[in-house]
Amino acid sequence: MTKGFAAIPRGGSYVLSNARLPATLVDGFAAKADADGLVRASITIADRKVARIDAPGRRSTLPKFDMDGGMVWPCFIDMHTHLDKGHIWPRQANPDGTFAGALDAVEKDRRAKWKKADVAARMDFAIRCAYAHGTALIRTHLDSAAPQHRISWPLFAEMRDKWAGKVALQAVSIVGIDAFRDEKYADKLADLIADVGGTLGAVTYPLPDLDRLLEGVMLRAANRNLDLDFHVDETGDPGVNTLRVIADTALRTDFPGTIVAGHCCSLATQDTGEADATMDRVAEAGMAVVSLPMCNMYLQGRDGERDTPHWRGVTLVHELAERGVPVSVASDNTRDPFYAYGDLDMLEVFREATRILHLDHPFADWPAVVARTPATVVRRPEFGVIKAGASADLVLFRGRSFTELLARPQMDRTVLRHGKAIDTTLPDYRELDAVVGGRR
């Protein structure tokens with residue numbers, strides 16, 4: 001029978017001994033890492049925080065809980081999700097799995113069903129899943145076409161207050177970039193986002209006036225001290241390269257905030273010269289990129305001409321990282337027309353990203369893509385790292401190496417929040433039957 005960590009207390013001071021930590025996620029502890037990039041350590045937890053990190057074998061009078069070589073990670077950061085869309089698949093499936101089919105299905109569902117109570121029920125369910133899996137911060141994109149923005153943004157503010165201290169929540173607007181042609185609407189949306197404390201975002205695609213629209217978005221964001229987070233080039237068409245336009249516009253306007261570009265799929269289908277030039281500009285502009293490997297592998301390549309997809313739908317994460325661009329991976333959609341699966345489990349995201357994007361041999365700094373890197377990008381650097389003085393928000397695994405960790409779902413993990421083991425029981429899908437329907 002697999003040994004778990006049920007004996008870890010729900011409070012007090014104690015030591016997690018004989019643990020393995022991803023070196024890239026640890027501060028203030030110098031030790032030689034093994035071939036997987038893991039260091040052996042003991043972690044002392046006191047007053048709800050990590051009190052100290054020591055080499056294995058340090059004597060202590062505190063209760064010890066032997067990790068038996070298992071891994072300890074900081075809680076995860078999921079920086080690109082769609083909590084308002086989540087779990088609508090049972091009532092609004094995507095008939096063919098294509099991107100166009102997803103757009104149409106979500107639009108129909110949003111117009112018919114997205115009242116406050118509906119969005120609230122699905123959003124809260126999703127956050128509970130993420131919390132049980134060990135996520136400490138979620139950034140969600142909110143559909144913000146009028147009049148939905150007047151429902152979802154105030155609701156988000158309520159949800160953020162409800163989950164404070166458990167899961168930190170951030171929100172980004174998602175609307176077609178052409179909506180910013182309506183300057184009255186654009187100003188009202190930017191003001192609403194500034195009032196709530198969110199991030200301004202849009203979906204970019206080739207338009208004759210894209211430069212001007214982006215300048216307007218950046219000006220509104222700069223005037224309100226907002227960061228930007230775009231959906232970019234979610235297509236396999238190599239002729240689509242709005243990522244380059246965003247970088248060029250940011251440099252031309254000297255935009256002062258953080259710019260995140262999500263997806264960037266077509267970058268992987270462009271010729272080498274075009275892709276290299278774009279990535280150089282992205283690096284020069286100081287932008288960050290987030291790849292959504294599970295959703296894009298699901299959506300991309302369904303062109304109707306081939307039954308088997310011929311590409312993975314993901315961006316050039318290795319080449320971007322080599323240029324110093326902060327690269328993250330995230331969940332994206334969950335059980336909706338854009339992705340029929342997923343559970344906001346960032347270990348699943350890292351496991352699948354490792355396989356799809358080859359984040360291995362060596363693993364090196366890649367564990368940072370679900371922890372330290374996105375935490376820094378979203379301006380919450382206190383998350384996603386294990387260090388003395390930080391809150392003891394940790395995820396404990398039986399897996400001792402990456403081949404063990406990533407071979408199984410690790411559903412026997414223990415999640416510590418402020419040093420206490422939480423209940424990791426996942427909510428039952430039957431709770432949503434009255435909202436979205438389901439098998440009975």
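Modeller: Let's begin at V232, which stands opposite H263 in β11. The chain gets from β10 to β11 by way of α6, and this β-α-β crossover is right-handed, meaning that, with the strands pointing away from the viewer, the path from the first strand over the helix to the second runs clockwise. Strands and helices here are DSSP runs numbered from the N terminus, strands (E) having at least two residues and helices (H or I) at least four.

Before we go further, please keep in mind that this is a predicted model, in which local features need pLDDT of at least 70 and side-chain atom pairs count only at pLDDT 80 or more, while totals for chains, interfaces and linings use all residues. Residues are numbered from 1 along each chain as its sequence is written, and side-chain values use heavy atoms, with hydrogens and water left out.

Back to our two strands: β10 and β11 run parallel and are joined by five bridges. Two strands count as paired if DSSP finds at least two bridges between them. In general, strands of a sheet pair through backbone hydrogen bonds, in either a parallel or an antiparallel way.

On to β9, which also pairs with β10 in the parallel sense, this time over two bridges. Here V203 stands opposite H231 in β10. Together with helix α5, residues 210-223, these two strands make a right-handed β-α-β unit.

How covered is β10 itself? Five of its five residues are buried, where buried means under 20% relative accessible area, exposed means over 50%, and partly exposed lies in between (1.4 Å probe, protein chains only). L228, F230 and V232 point one way from the strand, and D229 and H231 point the other way.

Now step back to the whole sheet. It is open, with five strands in the order β9-β10-β11-β12-β13 and parallel pairing. The edges are β9 (203-204) and β13 (327-329); each has a single partner strand, so one side of each is left without a neighbour in the sheet. Further in, β11 (residues 259-263) and β12 (residues 288-291) pair in the parallel sense over three bridges, with V260 opposite A288 in β12. Helix α6 (residues 242-253) packs on this sheet and touches β9, β10 (228-232) and β11, a contact being heavy atoms within 4.5 Å. The direction of α6 makes about 155° with that of β10; axes are lines fitted to C-alpha atoms, for helices over the stretch in contact, and angles run from 0 to 180 degrees between N-to-C directions.

β2 (residues 38-46) and β3 run antiparallel and are joined by five bridges, and I43 stands opposite I53 in β3.

Finally, a word on the aromatic rings. Rings of Phe, Tyr and Trp (its six-membered ring) pair if their centres lie within 6.5 Å, and planes under 30 degrees apart count as stacked, over 60 as edge-to-face and the rest as tilted. By this rule there are 13 aromatic pairs. One of them joins W73 and F350 edge-to-face, at 5.5 Å centre to centre and 65° between the planes. W73 lies in strand β5 (residues 72-74) and F350 in helix α10 (residues 346-357), so the pair ties together parts 277 residues apart in sequence. W73 has 0% relative accessibility and is buried, and F350 is buried at 0% too. W73 also pairs edge-to-face with F402, at 6.3 Å centre to centre and 80° between the planes. F402 lies in helix α12 (residues 402-405), so this pair ties together parts 329 residues apart in sequence. Ring pairs link W73, F76, F350, F363 and F402 into a cluster.
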